[in-house]
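This briefing is intended for a reader who is meeting the structure for the first time. Please consult the sequence and the model as the points below are read.

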Amino acid sequence: MKPPIFLGQLLLRSMDRAVALYESMELRGFHGEFYYAEKAYNKLASWGYVIFWVSVFILMRTCSVTVLLGRMFV
């Protein structure tokens, strides 16, 4: 019976690939930690943004925007 050479080769190849992957991550700026942005946003401004765009879409759905623009410039 042959010794399990295949398993040793598989382990060595996996380790080589892991090292190559980590080195490529370091070249792209990874240094071992993930940095997340702080949640420093204004909730009121976010809701205002949502309300503005919902009202624009409702206006575009209910009224003919091209007619309104034509009336504004003629």
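In which helix do Trp53 and Phe57 both lie, and how many residues apart are they? Both belong to helix 2, four residues apart, about one turn of the helix. The model is a predicted one, in which local features need pLDDT of at least 70 and side-chain atom pairs count only at pLDDT 80 or more, while totals for chains, interfaces and linings use all residues. Residues are numbered from 1 along each chain as its sequence is written, and side-chain values use heavy atoms, with hydrogens and water left out.

**Helix 1 and its end**

- Helix 1 covers residues 5-27; helices are DSSP runs of H or I with at least four residues, numbered from the N terminus.
- The 23 residues of helix 1 should span 33 Å at 1.5 Å a residue, and its end C-alpha atoms are 33 Å apart, which agrees; the expected span is 1.5 Å times one less than the number of residues.
- Gly8 lies in helix 1 and is partly exposed, with a relative accessible area of 32%; buried means under 20%, exposed over 50%, and partly exposed in between, using a 1.4 Å probe and protein chains only.
- Between the C-alpha atoms of Gly8 and Tyr22, 14 residues apart along the chain, the separation is 21 Å.

- Four aromatic pairs occur in the structure; rings of Phe, Tyr and Trp (its six-membered ring) pair if their centres lie within 6.5 Å, and planes under 30 degrees apart count as stacked, over 60 as edge-to-face and the rest as tilted.
- The Tyr49 and Trp53 rings have centres 6.4 Å apart and planes at 70°, so this pair is edge-to-face.
- Tyr49 and Trp53 both lie in helix 2 (residues 43-62), four residues apart.
- Tyr49 counts as exposed at 56% relative accessibility, whereas Trp53 counts as partly exposed at 34%.
- The rings of Trp53 and Phe57 form a tilted pair, because their centres are 5.9 Å apart and their planes are at 35°.
- Phe57 counts as exposed, at 52% relative accessibility.
- An α-helix has 3.6 residues a turn, so residues three or four places apart point the same way.
- Ring pairs join Tyr49, Phe52, Trp53 and Phe57 into a cluster.

**Val54**

- Val54 also belongs to helix 2.
- Its relative accessible area of 41% makes Val54 partly exposed.

Terms used:
Helix = DSSP H or I, 4+ residues; strand = E, 2+ residues; numbered from the N terminus.
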